[in-house]
Structure formats: C-alpha cells, structure tokens
Amino acid sequence: MAVNKTAAEHRVRARLGRWPYDDDVAHLVLLDHHMVPGADDVESWIAEARTQGARALRTGALFPPSTPAFVAHGFTAIDELSLLELTVANARRDDRSGTRVRRLGASQIEAAAAVDGRAFPAPWANDGAALIDIIQATPRSRARYVQLEGRLVAFSISGQAATTGYVQRLAVDPAVRRRGLARRLLGDAIDWMQRRNIERVLVNTATDNVAALDLYRSFGFEERSEHLTILERTLSDR
Ligand SMILES: CC(C)(COP(=O)(O)OP(=O)(O)OC[C@H]1O[C@@H](n2cnc3c(N)ncnc32)[C@H](O)[C@@H]1OP(=O)(O)O)[C@@H](O)C(=O)NCCC(=O)NCCS
C-alpha cells in the first residue's frame, strides 16, 4: 500500500497514508480544517483508499463541520476528543523538575516511538514514520525529549501555523509517570511558543484522559464546547 500519497487532485487538500502498525487501514488527514469536505471529496478518498488495497479508511481528528459528509457515506465514530485552548499570555507555569530537555532528532525517533507505544493503547500508538509526519505537519515545529539514566523516557512534539500553536504529541513512559516530566516538556513547548509570538495554543485528547486533561488545565487550558471525532468505515463492501 502506498504511503503518504498527496491527494492533490481533491478539492479539499488531504493526505492519505497508512495507519501506524496497520498497513490495511488507510489514514486520511485533512490538511486545512477550515475547508469542509463534500460528498465528492469523500467518495474520491474512499476510491483512492480502495485502490491502495486498504480494508478500512480512518480519519484524523475532525472538527464538527467536517463530519456530515463522512457520516452520509457510512463512517462511524471510533473516538471522541476534547479540544482545549490556552491564551499563551495567560499560561500558568509551575515547573519544579529542572530536568534537562533535549532536541529530538532523527536518531531518537525510534526510541520515541517505543515510548509512544507504551504510552498509548492500540490502535492509537504512533510508529517512527508517523512521528516524523507529525513533526512535518506544521510549518514550524519543536520536538524535545528527556532521558533518565541514559534512556529516552518522554517526548513532546509541538507545532506552529501562523499565530496558533499546537501540542501535537506528548508521551511519558508509564514507568516514570508523576515525576513532573510532562509538566517539564509542556512548559518547554509553551516557552517556545511565547518566544515565537504565538497567541493561542490548541491541544486535543480523549474525553476520558483524566491525566492529560488535569495537566492541561493546570497550565490554564480551557475546554472548548465542541468535541473532535475520529471516524472510520470498512471498505470491504465493494
Ligand atoms: C498525561 C501524561 C503525559 C502525564 O505525564 P506525567 O509525566 O506523569 O505528568 P506529570 O508528572 O508532569 O504531572 C503533571 C500534572 O498532570 C496531572 N496528572 C498527571 N497524571 C495524572 C493522573 N494519573 N491523574 C490525574 N492527574 C494527573 C496532574 O495535574 C499533575 O500535577 P501534580 O503531579 O502536581 O498533581 C502521561 O500520563 C501519559 O503519557 N499518558 C498517555 C499519553 C497521553 O495521554 N498524552 C497526552 C495526551 S495526547
């Protein structure tokens, strides 16, 4: 199955790749969430995923206006995400750890993917290729990690598009949680966003992810009223 094919011919720009650790599932990422897909778009993405031999097509996190065209074509929700927003000028900081934050480069990607796999349950874990995609998803990005006893145990990926910042990924190895490592990495990301004149930050996480919601709220993030949805449909009914 082809990887990361740019679906440039579609009206709404999107990238069709493979789902991490599952080559049979095509992953559709809309590249501009201000554009709302129509029936033509959805039909062409289904056709393209079939051409690639996928047994199912799964979307990324969709804003509410983007979902109806998918639902009308047989997609159903497999996850619901809370969307949180922070005005950077109002960020609350309380970082007591002092842990050194290091630049996450190509040579640490597989170690980061291993942490991601321990931090997120299937099918939500990212492999190395998916983490590189996330780093490249925004015009500017910052990827950092922390290590303990020489081993990468936590990492973050943040992005910038215009004056909006995104916390794209944050994962801490379950063996070293509640030691302030996520707080350290998130604080580093917010500092970077402040330096880059970012005005507001968005992050999403599963509606039942109590640890992450608590962490983000402690920085001053507030939940927006709309939820994001991840949709899927099988492609076997040819
Ligand atoms: C969410 C996550 C990143 C937190 O990492 P962590 O290093 O354990 O967090 P920290 O030690 O820095 O905790 C910072 C704050 O987060 C909140 N928090 C962390 N874990 C929590 C838990 N299990 N329950 C409730 N609140 C929690 C608390 O407010 C905590 O502050 P406190 O320790 O002073 O009470 C980690 O649990 C994780 O990797 N989870 C799976 C992946 C994930 O959900 N990523 C983020 C969402 S996309």
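Tutor: Arg58 lies over the face of Trp19, 4.5 Å from the ring centre. A charge sits over a ring if NZ of Lys or CZ of Arg is within 6 Å of the ring centre and within 35 degrees of the ring normal. The model is predicted: local features need pLDDT of at least 70, side-chain atom pairs count only at pLDDT 80 or more, and totals for chains, interfaces and linings use all residues. Residues are numbered from 1 along each chain as its sequence is written, and side-chain values use heavy atoms, without hydrogens and water.

Student: Which residue lies over the face of Phe120?

Tutor: Look 3.6 Å from the ring centre of Phe120. The residue over that face is Arg169.

Student: How many aromatic pairs does the structure hold?

Tutor: Rings of Phe, Tyr and Trp (its six-membered ring) pair if their centres lie within 6.5 Å. The number of aromatic pairs in the structure is 4.

Student: Are the planes of Trp19 and Trp124 stacked or edge-to-face?

Tutor: Planes under 30 degrees apart count as stacked, over 60 as edge-to-face and the rest as tilted. The ring centres of Trp19 and Trp124 are 5.9 Å apart and the planes are at 70 degrees, so the pair is edge-to-face.

Student: Is Trp19 buried or exposed?

Tutor: Buried means under 20% relative accessible area, exposed over 50%, partly exposed in between (1.4 Å probe, protein chains only). Trp19 has a relative accessible area of 7%, so Trp19 is buried.
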